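Q: Could we go through this structure together, feature by feature, with the general idea ahead of each case?

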Amino acid sequence: MKILQISSAKSLGGGERHLADLANGLGRRGHEVYVAARSGSALLNELAQVPAANITTLPLRNSLDAHSARSLATLVRKNQIQIVHAHMARDYPLAAYAARVNAKSRLIVTRHVLFALNRLHRITLAKASRVIAVSAAVAMQLLADRVVSAEKISVVLNGIDAGRFQHARNKFERQKFLNEWQLPTDALLVGTVGELTPNKGQQEFLRAAAEVLRRCPQAFFIIAGMDHSQGKEHQAHLARLVSELNLGARVRLVGWVADLAQLYCALDVFVSASHTESFGLALAEAMACGTAVLATATGGARELIKADETGLLIPIGDVAELATATVRLLQDADLRARLGTAAKQDAELRFGLERMIEETEAIYRSAIHSN
């Protein structure tokens, strides 16, 4: 098949990781894959299996960018693209136009987040062959929005390369990691990974850390993630909070981490304190590394974690419960090991990358053969 993937994202978040894995996987399977992205996008560095000649950069400024819409339509016509697949809401209208003016093309969109779509999207997606939700929680939100009919919605859970995380676990050397990070041998590590934004719950993570330290004095805390806000306001706020809570010696705000798999393996407890989560790619990755996970009960986390079997779930925004659950895990190595082993097995079974690619491929074929 000839497939065009479209994303206007500048940074590399879960949705962009999904697109890159999908595009690369489809390329390995012999499909002719094209990608349209913004100039300077971090996504461009992740497309190892997409020929450079098949990668196009466009402004993709917003949903009303007529120039980019026409350029996409030309790209689709010139290369006889069969599947036009968009991954961000602001790109849906541009992709819809490109598919609409090329009669043999089919529009597919993936919904990666839980935020509601509006009435304009009902018009935009009227001709979509399929809307893919990355979790059942997202599918339920799409139904609630009444933007597309139920028969057009398909759930394809995000996939992760479980083999990569297993390899990371096999080669991981804890003492080497502790030495490189200048941490004591008896350190207990609690970490969270995600964009620095209030929705990811880093403030609650820090407030809970202050209480955890009173009960687990060996604890250290790592916050990994970039701040894409103007002026880095979220990062600055977290740094002030670290100071106010007297956590400076125990918290690392590390920004971008090139080898997240090694970080997941180093953590004794991985925390997702999100207020909302459509899936939780970092959570799935930590599970695949065999790390004990603790998450707020967002829609995505409830789908990933079997409570008290593959991880712990706590109420959203509950700092006291977050601290209590973290202490429980830090003080019980057997519980951490049991949850981590079960999480790893479950992640390998349910979140495989090849499964995601196969299910998406089947949706493409169905769309092409439909009227």
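Q: Which residues of strand 11 lie on one side, which on the other, and are they buried or exposed?

A: In a regular strand the side chains alternate between the two faces of the sheet. In this predicted model, strand 11 has Val269 and Val271 on one side and Phe270 and Ser272 on the other, and all of these are buried, so that both faces of the strand are covered.

Q: How many bridges join strand 11 to strand 8 and to strand 12?

A: Strands of a sheet pair through backbone hydrogen bonds, either parallel or antiparallel. Here strand 8 and strand 11 run parallel and are joined by two bridges, with Gly191 having Phe270 as its bridge partner in strand 11. Strand 11 and strand 12 also run parallel, joined by four bridges, and the partner of Val271 in strand 12 is Leu294.

Q: What is the order of the strands in the open sheet of six strands, and which are the edge strands?

A: The order is 10-9-8-11-12-13, with parallel pairing, and the edges are strand 10 (251-255) and strand 13 (312-314), each of which pairs on one side only. From one strand to the next the twist averages 20°.

Q: At what angle do helix 13 and helix 14 pack, and which residues meet?

A: Two packed helices are described by the angle between their axes and the distance between the axes. For helix 13 and helix 14 (residues 333-350) the angle is about 95° and the axes are 6 Å apart; the two helices are therefore roughly perpendicular to each other. Arg328, Leu329 and Leu330 of helix 13 meet Ala333, Leu335, Arg336 and Leu339 of helix 14, and by class the residues of this contact divide into five nonpolar, no polar and two charged.

Q: How do the axes of helix 1 and helix 15 cross?

A: The axes of helix 1 (residues 14-28) and helix 15 (residues 353-369) come within 10 Å and cross at roughly 75°, and these helices are therefore roughly perpendicular to each other. Among the residues making the contact are His18, Asp21 and Leu22 of helix 1 and Met356, Ile357 and Tyr364 of helix 15; by class, the contact has six nonpolar, three polar and three charged residues.

Q: In what order do the strands of the open sheet of seven strands lie?

A: The order is 3-2-1-4-5-6-7, and the pairing is parallel. Its edge strands are strand 3 (55-57) and strand 7 (153-155), each pairing on one side only. Within this sheet, strand 5 (residues 106-111) pairs with strand 6 in the parallel sense over four bridges, and Val109 stands opposite Val131 in strand 6. Helix 1 packs on the sheet, touching strand 1 (2-7), strand 2 (32-37), strand 4 (83-86) and strand 5.

Q: Where is Ser135 found, and is it buried or exposed?

A: Ser135 is found in the loop between strand 6 (130-133) and helix 5 (136-145). With a relative accessible area of 0%, Ser135 is buried, and its side chain reaches the backbone oxygen of Ser278 at 2.5 Å.

Terms used:
Residues numbered from 1 in each chain as written. Predicted model: local features only at pLDDT ≥ 70, side-chain atom pairs only at ≥ 80, totals over all residues. Heavy atoms only, no water. Pairing = 2+ DSSP bridges. Axes fitted to C-alpha atoms, helices over the stretch in contact; angles between N-to-C directions. Parallel < 35°, antiparallel > 145°, perpendicular 65-115°, else oblique. Contact = heavy atoms within 4.5 Å. Nonpolar A, V, L, I, M, F, W, Y, C, P; charged D, E, K, R; others polar. Buried < 20%, exposed > 50% of the residue type's maximum accessible area, 1.4 Å probe, protein only. Polar contact = N/O pair within 3.5 Å; in protein donor to acceptor, adjacent residues only side chain to side chain.
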